[in-house]
Amino acid sequence: MPLPPPREVAITVTGVNHHYGRGEARKQALFDNHLAIHRGEIVIMTGPSGSGKTTLLTLIGTLRGVQEGSIRIDQTELAGLAPPDQVRMRRNIGFIFQQHNLLDAISARQNVRLALELSAAPRREHNQRADAILGTLGLADRVHYKPRNLSGGQRQRVAIARALVNQPRIILADEPTAALDKDSGAIVVSLLRRLADEQGSSVMIVTHDNRILNVADRIVNMVDGRIVSDIRVKETMVICAILKRCEIFKEMSPSDLTDVAQKMREERFANGATIIRQGDIGDKFYVIAQGRVHIQVESATGTRAVASLAEGGFFGEVALLRDQPRNATAQADGEVLAYTLSKADFLAAVRAHRSFEAQLSAQLFHRGG
Ligand SMILES: Nc1ncnc2c1ncn2[C@@H]1O[C@H](COP(=O)(O)OP(=O)(O)OP(=O)(O)O)[C@@H](O)[C@H]1O
Ligand SMILES: [Mg+2]
(Lines give C-alpha, C1' and ligand atoms only; values in the text may rest on other atoms or scores of the structure.)
(Ligands and ions follow the chains in the order given, each with its own letter.)
Protein backbone atom coordinates (compact mmCIF):
# COMPACT_ATOMS: atom_id res chain seq x y z
CA MET A 1 0.00 0.00 0.00
CA PRO A 2 1.51 3.39 -0.92
CA LEU A 3 2.15 5.80 1.94
CA PRO A 4 -0.21 8.75 2.33
CA PRO A 5 1.39 11.84 0.77
CA PRO A 6 3.33 14.08 3.18
CA ARG A 7 1.25 17.06 4.18
CA GLU A 8 2.22 20.42 2.75
CA VAL A 9 3.15 23.13 5.23
CA ALA A 10 1.06 26.28 4.65
CA ILE A 11 2.19 28.57 7.46
CA THR A 12 5.62 28.56 9.09
CA VAL A 13 6.31 30.72 12.13
CA THR A 14 9.97 30.82 13.20
CA GLY A 15 11.45 32.66 16.18
CA VAL A 16 8.77 35.35 16.26
CA ASN A 17 9.05 38.11 18.88
CA HIS A 18 6.77 41.10 19.04
CA HIS A 19 6.86 44.36 21.01
CA TYR A 20 4.20 47.00 21.50
CA GLY A 21 4.95 50.63 22.34
CA ARG A 22 8.17 52.61 22.32
CA GLY A 23 10.76 53.81 24.79
CA GLU A 24 9.61 53.48 28.40
CA ALA A 25 6.28 51.96 27.31
CA ARG A 26 7.86 49.28 25.14
CA LYS A 27 6.55 45.88 26.18
CA GLN A 28 7.20 42.45 24.72
CA ALA A 29 4.02 40.55 23.80
CA LEU A 30 5.49 37.54 21.95
CA PHE A 31 8.61 35.55 22.79
CA ASP A 32 10.36 33.18 20.37
CA ASN A 33 7.33 31.47 18.85
CA HIS A 34 7.61 28.53 16.46
CA LEU A 35 4.71 26.87 14.66
CA ALA A 36 4.10 24.98 11.40
CA ILE A 37 0.55 24.62 10.11
CA HIS A 38 -0.31 22.22 7.30
CA ARG A 39 -2.87 22.37 4.52
CA GLY A 40 -6.25 21.12 5.65
CA GLU A 41 -5.41 21.49 9.30
CA ILE A 42 -7.62 23.11 11.95
CA VAL A 43 -5.51 24.57 14.74
CA ILE A 44 -7.12 25.83 17.91
CA MET A 45 -5.29 28.44 19.98
CA THR A 46 -6.15 28.72 23.65
CA GLY A 47 -4.57 30.57 26.54
CA PRO A 48 -5.34 33.20 29.17
CA SER A 49 -6.29 36.77 28.32
CA GLY A 50 -3.24 38.80 27.30
CA SER A 51 -1.17 35.74 26.37
CA GLY A 52 -0.63 36.96 22.78
CA LYS A 53 -3.16 34.94 20.76
CA THR A 54 -4.61 37.86 18.83
CA THR A 55 -1.16 39.37 18.32
CA LEU A 56 0.10 36.17 16.70
CA LEU A 57 -3.04 35.83 14.60
CA THR A 58 -2.80 39.39 13.26
CA LEU A 59 0.89 38.90 12.40
CA ILE A 60 0.05 35.75 10.39
CA GLY A 61 -2.81 37.67 8.75
CA THR A 62 -0.42 40.46 7.63
CA LEU A 63 -2.57 42.93 9.59
CA ARG A 64 0.59 43.79 11.55
CA GLY A 65 4.22 43.86 10.39
CA VAL A 66 6.62 41.13 11.55
CA GLN A 67 9.27 42.81 13.75
CA GLU A 68 11.56 39.90 14.62
CA GLY A 69 11.69 36.37 13.29
CA SER A 70 10.02 34.96 10.21
CA ILE A 71 6.49 34.08 9.09
CA ARG A 72 6.07 32.36 5.75
CA ILE A 73 2.77 31.70 4.01
CA ASP A 74 3.45 29.10 1.37
CA GLN A 75 6.66 30.51 -0.14
CA THR A 76 6.10 34.16 0.75
CA GLU A 77 8.06 35.70 3.64
CA LEU A 78 5.93 38.26 5.48
CA ALA A 79 8.82 40.00 7.27
CA GLY A 80 9.67 43.11 5.26
CA LEU A 81 6.80 42.62 2.79
CA ALA A 82 5.86 45.83 0.94
CA PRO A 83 2.34 47.19 1.68
CA PRO A 84 0.91 46.37 -1.80
CA ASP A 85 2.10 42.78 -1.37
CA GLN A 86 0.54 42.67 2.09
CA VAL A 87 -2.80 43.64 0.56
CA ARG A 88 -2.39 40.89 -2.05
CA MET A 89 -1.60 38.32 0.68
CA ARG A 90 -4.71 39.30 2.62
CA ARG A 91 -6.90 38.34 -0.35
CA ASN A 92 -6.07 34.68 0.28
CA ILE A 93 -7.02 34.97 3.93
CA GLY A 94 -10.49 34.80 5.44
CA PHE A 95 -10.71 36.82 8.65
CA ILE A 96 -13.37 36.19 11.25
CA PHE A 97 -12.93 38.73 14.02
CA GLN A 98 -15.31 40.00 16.66
CA GLN A 99 -15.62 43.52 15.32
CA HIS A 100 -17.09 42.42 12.00
CA ASN A 101 -17.24 45.78 10.20
CA LEU A 102 -20.26 45.01 8.07
CA LEU A 103 -21.51 47.91 5.98
CA ASP A 104 -24.83 49.00 7.41
CA ALA A 105 -26.22 50.68 4.29
CA ILE A 106 -26.30 47.46 2.25
CA SER A 107 -27.92 44.05 2.64
CA ALA A 108 -26.41 40.83 3.95
CA ARG A 109 -26.09 39.55 0.36
CA GLN A 110 -24.34 42.74 -0.78
CA ASN A 111 -21.94 42.58 2.16
CA VAL A 112 -20.96 39.05 1.16
CA ARG A 113 -20.72 40.08 -2.50
CA LEU A 114 -18.07 42.67 -1.59
CA ALA A 115 -15.68 39.82 -0.86
CA LEU A 116 -16.54 38.12 -4.17
CA GLU A 117 -15.77 41.31 -6.07
CA LEU A 118 -12.11 41.00 -5.01
CA SER A 119 -12.01 37.43 -6.31
CA ALA A 120 -11.84 35.82 -9.73
CA ALA A 121 -15.40 34.48 -9.45
CA PRO A 122 -17.50 35.42 -12.53
CA ARG A 123 -19.88 38.29 -11.75
CA ARG A 124 -22.99 36.43 -12.81
CA GLU A 125 -22.35 33.86 -10.06
CA HIS A 126 -21.98 36.40 -7.27
CA ASN A 127 -25.59 36.46 -6.07
CA GLN A 128 -25.92 32.71 -6.21
CA ARG A 129 -22.67 32.12 -4.30
CA ALA A 130 -23.47 34.76 -1.70
CA ASP A 131 -26.95 33.31 -1.15
CA ALA A 132 -25.60 29.74 -1.00
CA ILE A 133 -23.20 30.45 1.83
CA LEU A 134 -25.74 32.60 3.69
CA GLY A 135 -28.12 29.67 3.35
CA THR A 136 -25.54 27.24 4.73
CA LEU A 137 -25.23 29.54 7.74
CA GLY A 138 -28.99 29.50 8.30
CA LEU A 139 -29.69 32.96 6.84
CA ALA A 140 -31.60 32.01 3.67
CA ASP A 141 -34.53 34.21 4.72
CA ARG A 142 -32.30 37.13 5.72
CA VAL A 143 -30.27 37.79 2.54
CA HIS A 144 -32.03 41.11 1.91
CA TYR A 145 -31.82 42.36 5.51
CA LYS A 146 -29.49 45.18 6.44
CA PRO A 147 -27.12 44.48 9.34
CA ARG A 148 -28.97 46.79 11.76
CA ASN A 149 -32.09 44.66 11.34
CA LEU A 150 -30.25 41.48 12.27
CA SER A 151 -29.41 40.11 15.71
CA GLY A 152 -25.81 40.08 16.95
CA GLY A 153 -25.44 36.40 16.18
CA GLN A 154 -26.92 36.84 12.69
CA ARG A 155 -24.54 39.72 11.97
CA GLN A 156 -21.67 37.54 13.08
CA ARG A 157 -22.83 34.84 10.66
CA VAL A 158 -22.97 37.34 7.78
CA ALA A 159 -19.39 38.32 8.61
CA ILE A 160 -18.44 34.64 8.61
CA ALA A 161 -20.15 34.16 5.22
CA ARG A 162 -18.17 37.11 3.86
CA ALA A 163 -14.91 35.67 5.22
CA LEU A 164 -15.51 32.20 3.78
CA VAL A 165 -17.32 32.79 0.49
CA ASN A 166 -14.05 32.83 -1.49
CA GLN A 167 -12.95 29.53 0.06
CA PRO A 168 -9.71 31.12 1.25
CA ARG A 169 -6.57 29.03 1.62
CA ILE A 170 -6.09 30.42 5.10
CA ILE A 171 -8.79 31.20 7.63
CA LEU A 172 -8.00 33.15 10.79
CA ALA A 173 -10.74 33.38 13.39
CA ASP A 174 -10.72 35.13 16.76
CA GLU A 175 -13.49 33.76 19.03
CA PRO A 176 -15.78 33.17 16.02
CA THR A 177 -18.57 31.45 17.93
CA ALA A 178 -18.63 33.66 21.05
CA ALA A 179 -21.76 35.51 19.92
CA LEU A 180 -23.51 32.45 18.48
CA ASP A 181 -26.13 30.12 19.91
CA LYS A 182 -25.44 26.39 20.07
CA ASP A 183 -26.87 25.47 16.65
CA SER A 184 -25.24 28.32 14.69
CA GLY A 185 -21.96 27.60 16.42
CA ALA A 186 -22.16 23.98 15.28
CA ILE A 187 -22.94 25.04 11.69
CA VAL A 188 -19.93 27.37 11.60
CA VAL A 189 -17.68 24.66 12.97
CA SER A 190 -18.79 22.09 10.41
CA LEU A 191 -18.36 24.64 7.59
CA LEU A 192 -14.78 25.27 8.72
CA ARG A 193 -14.14 21.52 8.87
CA ARG A 194 -15.53 21.12 5.34
CA LEU A 195 -13.32 23.90 3.96
CA ALA A 196 -10.30 22.29 5.60
CA ASP A 197 -11.14 18.80 4.28
CA GLU A 198 -12.38 19.69 0.80
CA GLN A 199 -10.36 22.81 -0.11
CA GLY A 200 -7.28 22.10 2.01
CA SER A 201 -7.76 25.41 3.82
CA SER A 202 -5.62 25.93 6.91
CA VAL A 203 -7.74 27.20 9.78
CA MET A 204 -6.49 28.91 12.95
CA ILE A 205 -9.09 29.59 15.58
CA VAL A 206 -8.70 31.37 18.90
CA THR A 207 -11.37 29.90 21.12
CA HIS A 208 -12.28 28.40 24.45
CA ASP A 209 -15.40 26.82 22.96
CA ASN A 210 -15.44 23.08 23.65
CA ARG A 211 -17.55 22.33 20.58
CA ILE A 212 -14.67 23.56 18.44
CA LEU A 213 -12.07 21.56 20.34
CA ASN A 214 -13.78 18.45 18.97
CA VAL A 215 -12.93 19.24 15.34
CA ALA A 216 -9.39 20.43 16.01
CA ASP A 217 -6.41 18.70 14.45
CA ARG A 218 -4.08 20.57 16.77
CA ILE A 219 -4.43 22.45 20.01
CA VAL A 220 -1.85 25.13 20.67
CA ASN A 221 -1.71 26.69 24.11
CA MET A 222 -0.14 30.10 24.72
CA VAL A 223 0.95 31.54 28.06
CA ASP A 224 2.71 34.88 28.57
CA GLY A 225 3.53 35.34 24.89
CA ARG A 226 4.87 31.84 24.36
CA ILE A 227 3.51 28.68 22.78
CA VAL A 228 3.80 26.26 25.68
CA SER A 229 2.20 23.21 24.10
CA ASP A 230 1.22 22.04 20.63
CA ILE A 231 -0.84 18.86 20.62
CA ARG A 232 -1.61 17.06 17.34
CA VAL A 233 -5.01 15.55 18.10
CA LYS A 234 -5.66 13.34 15.07
CA GLU A 235 -2.08 12.22 14.65
CA THR A 236 -1.88 11.45 18.36
CA MET A 237 -4.95 9.24 17.98
CA VAL A 238 -3.41 7.46 14.98
CA ILE A 239 -0.14 6.92 16.84
CA CYS A 240 -2.00 5.68 19.94
CA ALA A 241 -3.84 3.13 17.81
CA ILE A 242 -0.52 1.86 16.48
CA LEU A 243 1.11 1.87 19.92
CA LYS A 244 -1.82 -0.10 21.35
CA ARG A 245 -1.12 -2.89 18.89
CA CYS A 246 2.52 -2.80 19.89
CA GLU A 247 3.56 -5.43 22.46
CA ILE A 248 5.49 -3.17 24.81
CA PHE A 249 2.86 -0.43 25.05
CA LYS A 250 -0.19 -2.58 25.47
CA GLU A 251 -0.24 -2.38 29.28
CA MET A 252 -0.06 1.41 29.28
CA SER A 253 -3.06 3.51 30.30
CA PRO A 254 -4.65 5.64 27.57
CA SER A 255 -3.39 8.85 29.15
CA ASP A 256 0.19 7.59 29.43
CA LEU A 257 -0.02 6.35 25.86
CA THR A 258 -1.19 9.78 24.75
CA ASP A 259 1.77 11.39 26.52
CA VAL A 260 4.17 9.18 24.59
CA ALA A 261 2.33 9.60 21.27
CA GLN A 262 2.43 13.38 21.50
CA LYS A 263 6.19 13.34 21.62
CA MET A 264 6.60 11.10 18.55
CA ARG A 265 7.50 12.44 15.11
CA GLU A 266 6.65 11.03 11.70
CA GLU A 267 9.55 9.84 9.53
CA ARG A 268 9.49 8.26 6.08
CA PHE A 269 12.07 5.96 4.51
CA ALA A 270 12.47 4.89 0.89
CA ASN A 271 12.81 1.24 -0.05
CA GLY A 272 16.28 0.01 0.93
CA ALA A 273 17.13 3.02 3.12
CA THR A 274 19.23 2.32 6.20
CA ILE A 275 17.22 3.52 9.17
CA ILE A 276 19.77 2.73 11.84
CA ARG A 277 23.28 1.39 11.34
CA GLN A 278 25.08 -1.07 13.59
CA GLY A 279 27.87 0.68 15.52
CA ASP A 280 26.28 4.16 15.34
CA ILE A 281 25.28 6.05 18.44
CA GLY A 282 21.59 5.53 19.20
CA ASP A 283 19.47 8.70 19.33
CA LYS A 284 15.89 7.49 18.68
CA PHE A 285 13.34 4.78 19.25
CA TYR A 286 11.22 3.62 16.26
CA VAL A 287 7.70 2.25 15.86
CA ILE A 288 6.63 1.05 12.40
CA ALA A 289 3.30 2.52 11.29
CA GLN A 290 3.41 1.15 7.75
CA GLY A 291 5.79 -1.11 5.80
CA ARG A 292 8.44 -3.67 6.79
CA VAL A 293 11.91 -3.35 8.30
CA HIS A 294 14.73 -5.90 8.12
CA ILE A 295 17.03 -6.18 11.09
CA GLN A 296 20.47 -7.63 10.49
CA VAL A 297 23.65 -8.08 12.49
CA GLU A 298 27.17 -7.95 11.10
CA SER A 299 29.89 -10.05 12.68
CA ALA A 300 33.28 -11.49 11.79
CA THR A 301 31.49 -14.41 10.15
CA GLY A 302 29.25 -12.26 7.94
CA THR A 303 25.80 -10.67 7.93
CA ARG A 304 22.96 -12.44 9.67
CA ALA A 305 19.29 -11.53 9.30
CA VAL A 306 17.74 -11.53 12.76
CA ALA A 307 14.22 -10.25 12.22
CA SER A 308 11.72 -8.82 9.78
CA LEU A 309 9.37 -6.39 11.51
CA ALA A 310 5.95 -5.32 10.26
CA GLU A 311 3.44 -2.63 11.27
CA GLY A 312 3.32 -2.25 15.04
CA GLY A 313 6.89 -3.56 15.31
CA PHE A 314 9.49 -1.47 17.08
CA PHE A 315 13.26 -1.25 17.29
CA GLY A 316 16.12 0.90 18.49
CA GLU A 317 15.44 0.61 22.21
CA VAL A 318 18.49 -1.46 23.20
CA ALA A 319 21.11 1.19 22.43
CA LEU A 320 19.07 3.82 24.27
CA LEU A 321 18.52 1.73 27.39
CA ARG A 322 22.10 0.50 27.61
CA ASP A 323 23.76 3.65 26.30
CA GLN A 324 25.67 1.53 23.82
CA PRO A 325 26.17 1.78 20.03
CA ARG A 326 23.49 0.21 17.79
CA ASN A 327 23.74 -3.58 17.97
CA ALA A 328 22.08 -4.15 14.58
CA THR A 329 21.24 -2.46 11.29
CA ALA A 330 17.63 -1.72 10.33
CA GLN A 331 16.75 -1.36 6.66
CA ALA A 332 13.46 -0.38 5.00
CA ASP A 333 11.92 -3.22 2.99
CA GLY A 334 9.64 -1.19 0.72
CA GLU A 335 8.51 2.29 1.78
CA VAL A 336 8.32 2.72 5.52
CA LEU A 337 6.36 5.15 7.65
CA ALA A 338 7.67 5.23 11.21
CA TYR A 339 7.09 7.26 14.34
CA THR A 340 10.16 8.11 16.36
CA LEU A 341 10.76 9.15 19.93
CA SER A 342 13.96 10.99 20.88
CA LYS A 343 16.31 9.28 23.33
CA ALA A 344 15.50 11.81 26.07
CA ASP A 345 11.73 11.40 25.64
CA PHE A 346 12.09 7.62 25.41
CA LEU A 347 14.09 7.37 28.63
CA ALA A 348 11.70 9.76 30.38
CA ALA A 349 8.75 7.58 29.31
CA VAL A 350 10.50 4.42 30.49
CA ARG A 351 11.17 5.96 33.89
CA ALA A 352 7.70 7.43 34.28
CA HIS A 353 5.69 4.36 33.32
CA ARG A 354 6.33 1.24 35.31
CA SER A 355 4.34 -0.95 32.94
CA PHE A 356 6.43 0.27 30.01
CA GLU A 357 9.60 -0.60 31.87
CA ALA A 358 8.33 -4.05 32.80
CA GLN A 359 7.28 -4.77 29.22
CA LEU A 360 10.62 -3.58 27.91
CA SER A 361 12.67 -5.74 30.23
CA ALA A 362 10.60 -8.75 29.20
CA GLN A 363 11.26 -7.92 25.55
CA LEU A 364 14.96 -7.33 26.10
CA PHE A 365 15.20 -10.67 27.85
CA HIS A 366 13.63 -12.39 24.82
CA ARG A 367 15.78 -10.57 22.32
CA GLY A 368 18.88 -11.24 24.39
CA GLY A 369 20.53 -7.97 23.50
N1 LIG B 1 -2.32 47.56 20.39
C2 LIG B 1 -1.65 47.26 21.50
N3 LIG B 1 -0.85 48.13 22.12
C4 LIG B 1 -0.15 47.84 23.23
N5 LIG B 1 -0.19 46.64 23.82
C6 LIG B 1 -0.98 45.69 23.26
C7 LIG B 1 -1.76 45.96 22.09
N8 LIG B 1 -2.44 44.84 21.77
C9 LIG B 1 -2.12 43.93 22.70
N10 LIG B 1 -1.24 44.44 23.60
C11 LIG B 1 -0.64 43.72 24.76
O12 LIG B 1 0.00 42.56 24.25
C13 LIG B 1 -0.26 41.41 25.07
C14 LIG B 1 -0.95 40.33 24.23
O15 LIG B 1 -2.23 40.80 23.83
P16 LIG B 1 -3.20 39.97 22.89
O17 LIG B 1 -4.32 40.84 22.53
O18 LIG B 1 -2.42 39.37 21.78
O19 LIG B 1 -3.67 38.81 23.89
P20 LIG B 1 -4.83 37.73 23.73
O21 LIG B 1 -4.21 36.42 24.10
O22 LIG B 1 -5.46 37.85 22.40
O23 LIG B 1 -5.86 38.13 24.89
P24 LIG B 1 -7.50 38.01 24.93
O25 LIG B 1 -7.79 36.56 25.25
O26 LIG B 1 -7.88 38.90 26.06
O27 LIG B 1 -8.03 38.44 23.62
C28 LIG B 1 -1.11 41.94 26.22
O29 LIG B 1 -0.23 42.19 27.31
C30 LIG B 1 -1.70 43.21 25.69
O31 LIG B 1 -1.93 44.12 26.74
MG1 LIG C 1 -7.41 38.32 21.77
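A residue counts as buried if 20 or more other C-beta atoms lie within 10 Å of its own, with C-beta atoms placed from the backbone. By that criterion, 37% of the 369 residues of the protein are buried. The model shown in every view is predicted.

**Figure 1. Overall fold and the two domains.** The protein is split into domain 1 (9-231) and domain 2 (245-367). Their C-alpha centres are 41 Å apart. Along its principal axes, the C-alpha trace spans about 85 × 50 × 35 Å. Twelve helices and 16 strands make up the secondary structure counted in the protein. Among contacts with a separation of 6 or more, 71% join residues 24 or more positions apart.

Figure 2. The view shows the residues around ligand 1. Y20, G21 and A29 are among them. By class, the shell has eight polar, two nonpolar and one charged residues.

Figure 3. V16 sits in strand 1 (residues 9-20). Is V16 buried or exposed? V16 has 26 other C-beta atoms within 10 Å, so V16 is buried; the cut-off for that class is 20 or more. Neighbours within four places in sequence are left aside in the contacts that follow. V16 is in contact with L30, N33 and L59, among others. The list of its contacts also includes V66, E68, G69 and I71. A362 lies elsewhere: the C-alpha atoms of V16 and A362 are separated by 46 Å. Along the chain, V16 and A362 are 346 residues apart.

**Figure 4. Packing of helix 5 with helix 6.** Two packed helices are described by the angle between their axes and the distance between the axes. Here, helix 5 covers residues 152-164 and helix 6 covers residues 182-199. Their axes come within 11 Å and cross at roughly 5°. Angles under 35 degrees count as roughly parallel, so helix 5 is roughly parallel to helix 6. Which residues make the contact? Helix 5 contributes G153, R157, I160 and L164. Helix 6 contributes S184, V188, L191 and L195. By class, the residues of this contact are five nonpolar, two polar and one charged.

Notes: Residues numbered from 1 in each chain as written. Chains lettered and ligands numbered in written order. Predicted model: local features only at pLDDT ≥ 70, side-chain atom pairs only at ≥ 80, totals over all residues. Domains from an automatic or database assignment. Axes fitted to C-alpha atoms, helices over the stretch in contact; angles between N-to-C directions. Helix = DSSP H or I, 4+ residues; strand = E, 2+ residues; numbered from the N terminus. Parallel < 35°, antiparallel > 145°, perpendicular 65-115°, else oblique. Contact = placed C-beta atoms within 7 Å. Nonpolar A, V, L, I, M, F, W, Y, C, P; charged D, E, K, R; others polar. Near = placed C-beta within 6 Å. Buried ≥ 20, exposed ≤ 12 C-beta atoms within 10 Å, placed from the backbone.
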